[in-house]
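Here are a few exercises to work through with the model open in your viewer. Try each one yourself before reading the solution.

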Amino acid sequence: MMKQNYFVYAGSYAPAEEAGIHGYRLTRREGREPQLTEVFAAAGVSNPSYLAVSADGKFLYSVMEDMAYEGREGGGVAAFRIDEGSLTLLNTQGTAGTLPCHLLPDEKRGFLYAANYLSGSVSMFRLNADGSVGELCDLKQHYGHGPNEERQEGPHVHYVGYSADGAGLWCADLGIDRIRYYRIDEENGKLVPDEKHDMVFPEGTGPRHFVLNRERRELMYVVSELSSELFVMECGTEENRILQRVSTLPESMENNTCAAVHLSEDGRYLCASNRGHDSIAVYAVDAGTGLLTLAGRTGTKGKTPRDFCLCGDILLSANQDSHTITMFQFDEENGTITDMNREISCASPVCLVGVPEP
C-alpha cells in the first residue's frame, strides 16, 4: 500500500528579515527512500517559534515570541494564507503578554488562543472570516510561583488545549505546577475560570504540554519539563487525579528538560522528547487502562530536540541547538525508532507540524 505524503511546516527563532518558517514536502514513492525536500522559506515576522494549521489547511498561524510588539510590551501572533508552495502574510496582532510560545486556532467558534510564557497569561482573539486575526477580546493573567527559584519565580503558561468535552481550555502553567481550566464563553468572547476543574501537580514538576487519549478523551498525558516525567491524568470526572507517573529518563540521568509529547496516529504509542539526554522516549499505551509501559528510547542524532512530529511511520526531530531536522523510521507495530541516517539543515528549529497531503 502506498504511504501517505505530508507537508511539514517548521517554526524557528529568526529576526523578521530572515526566513523563520520553512515548508517541506515529505514524499513516499514505492521502492524509494522517503525524501524531505524544502519547498519554501518565509520571512516577515520575528521568532515564529510555534505554528498551527487551520483544520481546512488554508491558513497557518504563528506566534511572534518577543518581548515587545509595535512599541508595546508583549509578543504577537501572525496569520498566513497557505498558497501553493508559499505563504502570504495576512496580518499580525499583539498578545499583550510576553514571549508567546504556543497557540491554538478555534475555527468552529471563531477564536484564536495564545499562551504567553514569560508573563504567564492567556490571550484570546477573534478570528475573521478571511482567516486573519481580529481583536484581542480577552486576556487572563495567572499568579503564583513554584519551589524552583530559577524557573518558577512566577507563572509561565506554555500550552493551551481543549478540554475532554471541547467546551473549555486547559492551560498548562509550568511556573505554578498547575493546568488551569477556562470555560469558553462563545457569546461574549471570554474565558471563564472554573478552579474546581484545575489540575494540581506535585511541586517543582513543571507541566509543559499535554495530549488526550485518542479513544478515551477523559485520559490526559502530561509531560513535565522540570522533572522529566509523564503523568497520566483522569480528567473527565468531577475530580481530576493522577493515575500514573513515570520518568522519561534512564536511572541516574540528570541535566535534562522535557519538551514535546505526541501520540502515534493510531494512539497505541506515546512519545516524549528529552533535551539534555537528547532522545525520544516511547511508551506503549494500554488499550484498556490507557496506562504507559516503556517501549524504548532512541537518540535524536542532534542537540536539544525541542519538538518532533510523527508522519505515519516517519518521525522527524527538530534539534534546536544543532540546527538540524533528523529523520527516523517509526515502527507502528512495536513502537521502535530506527535512525535513517538522514538530516537536513534548519536554523534553530523549534516546532514541526505535519499535514497529510490529499
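**Exercise 1.** Which residues of the largest nonpolar core touch the most other members?

Solution. Keep in mind that this is a predicted model. Start with the core itself: it has 30 residues, and Leu60 and Leu103 are the ones that touch the most other members. Next, see where the core comes from: β1, β3 (35-42), β4, β5 (59-64), β8, β11 (111-116), β12 (121-127) and β31 each supply at least two of its residues. Then zoom in on leucine 60. Leaving out residues up to four places away in sequence, leucine 60 touches Tyr9, Ile21, Leu51, Ala52, Val53, Ala78, Ala79, Phe80, Ile82 and Leu87. Finally, look for a separate core: a second one has 16 residues, including Tyr6, Ile314, Met327 and Cys346. As background, nonpolar side chains tend to be buried together in soluble globular proteins.

**Exercise 2.** Find the largest pocket and work out which element gives the most to its lining.

Solution. First the space: the largest pocket holds about 1,400 Å³. Its lining is made of 42 residues, and those nearest the centre are Tyr50, Tyr159, Arg214, His262 and Val353. Now go through the elements that give two or more residues to this lining: β4 (51-53), β10 (100-106), β14 (157-162), β19 (207-212), β23 (257-263), β27 (305-311) and β31 (349-356). The answer is β31, with six residues. Sorted by class, the lining has 27 nonpolar, eight polar and seven charged residues.

**Exercise 3.** Which residues lie closest to the centre of the second largest pocket?

Solution. This pocket has a volume of about 240 Å³. Its lining has 13 residues, and Phe7, Tyr9, Arg25, Gly57 and Ile82 are the closest to the centre. Check the elements next: β1 (6-12), β8 (76-83) and β31 each give two or more residues to the lining. By class, that lining splits into seven nonpolar, two polar and four charged residues.

**Exercise 4.** Is aspartate 138 buried or exposed, and what does its side chain pair with?

Solution. Locate aspartate 138 in strand β13 (residues 133-141). Its relative accessibility is 9%, so aspartate 138 counts as buried, the cut-off being under 20%. Now the polar partners: the side chains of aspartate 138 and lysine 140 are joined by a polar contact of 2.6 Å. A polar atom of the aspartate 138 side chain also lies 2.8 Å from the backbone nitrogen of leucine 191. Not counting residues up to four places away in sequence, aspartate 138 touches Val122, Ser123, Met124, Gly189, Lys190 and Leu191.

**Exercise 5.** What does glycine 354 touch?

Solution. Find glycine 354 in strand β31. At 30% relative accessibility, glycine 354 counts as partly exposed. Setting aside residues up to four places away in sequence, glycine 354 touches Tyr6, Phe7, Val8, Cys309 and Cys311.

Notes
Residues numbered from 1 in each chain as written. Predicted model: local features only at pLDDT ≥ 70, side-chain atom pairs only at ≥ 80, totals over all residues. Heavy atoms only, no water. 1 Å grid on protein atoms, 1.4 Å probe; cavity = no way out; pocket = protein on both sides within 12 Å on 5 of 7 lines; lining within 4 Å. Points joined across faces, edges and corners; volume = space filled by probe spheres on them. Helix = DSSP H or I, 4+ residues; strand = E, 2+ residues; numbered from the N terminus. Nonpolar A, V, L, I, M, F, W, Y, C, P; charged D, E, K, R; others polar. Buried < 20%, exposed > 50% of the residue type's maximum accessible area, 1.4 Å probe, protein only. Polar contact = N/O pair within 3.5 Å; in protein donor to acceptor, adjacent residues only side chain to side chain. Contact = heavy atoms within 4.5 Å. Core = buried A, V, L, I, M, F, W, Y, C linked by side-chain atoms within 4.5 Å.
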